[in-house]
Amino acid sequence: MAGWLELFEKRGGNAVYHSVMTSDLEGLSALYDLTIIAAGKGELVELFDRDASRSPYDRPQRKLSCIYVHGMTPWPDHPEPHVRITATPGVGELFFMPGYTNTGACDILLWEAVPGGPFDVWDDRPDPAGHLARTLDMMRRFAPWEYERTVDAQPTDARCTLYGGYAPVVRRPVGTLSATSHVLGMADVVVANDPVTGQGSNNAVRCAEIYFRSIVARGDRPFDPAWMQETFEAYWDYAKHPTAYTNMMLGPLPEHVQKVLGTAAVNEQVAYRFAHGYANPADFSNWLLDPAKTEEYLASVT
């Protein structure tokens, strides 16, 4: 943030904070050298066209439901806050994540349901008490080892649940307001993956870094649509890796990936490489995304 503000001040800018609609953008873009749109959903996002060549799904692959709770019992072997997952092939995933809300430190329970499957039970959007009761019932059936650690939990507050789902999408980065007015999309505007692999924040930070460096390198030259596309392509050179990995994990789990997970359970070297891929998704292209490369790698370490 400091770098952005320093650059902004050097250009003589003044920070202004207020709500913005699509109808405001042309006026804003006339005031500034560059207008960047960062949003999760809504009409601002709809300004940017879906790139079908990079978006294999046209509908949600998971129905999402989460609740924030206090009072979960830590795992004895892992008392420090951590992320863990219970995956049921063909049914969906249950994530446990540490969090912080207006009532303090908490745990987040996220259900990722394959549409039409046993986890897909959230269309009525129950209140927090109802959500937690249903969560506990589902844990008894699908994750009994987690049930005992959750049975004493309580919702953090009256607005601690969230429901939804969206189709993973890659959008074109240039939003056209008029023949001479354009805006640049960033982060979830241009690459919105399902949260099943937890790459959203990583992608957003990478996007901000790449855009920042490209802005500084541009100097006093105009931020025209060609530069916007080029800047996005530099980001896509990174984002294509977590996108490919996430899209793969949304479908039926390929046999070679099942083999990796089975090997990782007994081979620490494989386990570490798989885990470190979440920090460096580009490495997945070297061994995990291609069955032949996977077999070659596993043969070299087992």
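Predicted model: local features only at pLDDT ≥ 70, side-chain atom pairs only at ≥ 80, totals over all residues.

1. A word on terms first: buried means under 20% relative accessible area, exposed over 50%, and partly exposed in between, using a 1.4 Å probe and protein chains only. Helices (H or I, at least four residues) and strands (E, at least two) are DSSP runs, numbered from the N terminus. With that in hand, look at strand E10: Ser181, Val183 and Gly185 point one way, His182 and Leu184 point the other way, and all are buried.

2. Residues are numbered from 1 along each chain as its sequence is written, and side-chain values use heavy atoms, with hydrogens and water left out. The pLDDT is the predictor's confidence in each residue, from 0 to 100. Its mean over the chain is 92, and 94% of the residues reach 70 or more. Residues 1-8 call for caution, with pLDDT below 50. Beyond near neighbours in sequence, that stretch has twelve contacts in the model, a contact being heavy atoms within 4.5 Å.

3. Which strands flank E10 in its sheet? The order is E1-E10-E9, an open sheet of three strands with mixed pairing. E1 and E9 are the edge strands, each pairing on one side only. Two strands are said to pair if DSSP finds at least two bridges between them. Strand E1 (residues 36-37) pairs with E10 in the parallel sense over two bridges, and Ile36 stands opposite Leu184.

4. On the other pairing, strand E9 (residues 174-178) runs antiparallel to E10, and four bridges join them. These two strands form a hairpin with two residues between them.

5. Next, the packing. A nonpolar core here is a set of buried Ala, Val, Leu, Ile, Met, Phe, Trp, Tyr and Cys residues joined through side-chain atoms within 4.5 Å. The largest has 29 residues, of which Val191, Tyr211, Phe232 and Tyr235 touch the most other members. Helix H2 (22-31), strand E10 (181-185), helix H5 (200-218) and helix H6 (225-250) each supply at least two residues, and H6 gives the most, with seven. Another core, of 19 residues, lies apart from this one and includes Met72, Leu109, Ala113 and Cys160.

6. Leaving aside neighbours within four places in sequence, Tyr235 is in contact with Val190, Val191, Asn203, Arg206, Cys207, Ile210 and Tyr211. Asn247 is also placed in helix H6. Asn247 counts as buried because its relative accessibility is 13%, and it touches Pro56, Tyr57 and Pro168, not counting residues up to four places away in sequence.

7. Helix H7 (residues 255-264) has His256, Val257, Val260, Thr263 and Ala264 as its buried residues. Seen down the axis of H7, these fall within an arc of 120 degrees, so they line one face of the helix; the arc is that of the directions from the helix axis to the C-beta atoms. Their cover includes H6, helix H8 (268-276), helix H9 (284-287) and helix H10 (291-301).

8. How many disulfides does a search of the whole structure find? Zero, taking a disulfide as a pair of cysteine sulfur atoms within 2.5 Å. For Cys160, the nearest cysteine sulfur, that of Cys66, is 8.6 Å away. Cys160 counts as buried at 4% relative accessibility, as does Cys207 at 0%.

9. Finally, two backbone angles to check. Most residues other than glycine have a negative phi. Arg125, however, has a positive phi near 50 degrees. Arg125 is found in the loop between strand E5 (104-113) and helix H3 (128-142), and counts as exposed at 53% relative accessibility. Ala187 also has a positive phi, near 55 degrees. Ala187 is found in the loop between E10 and strand E11 (191-192), and counts as buried at 11% relative accessibility.
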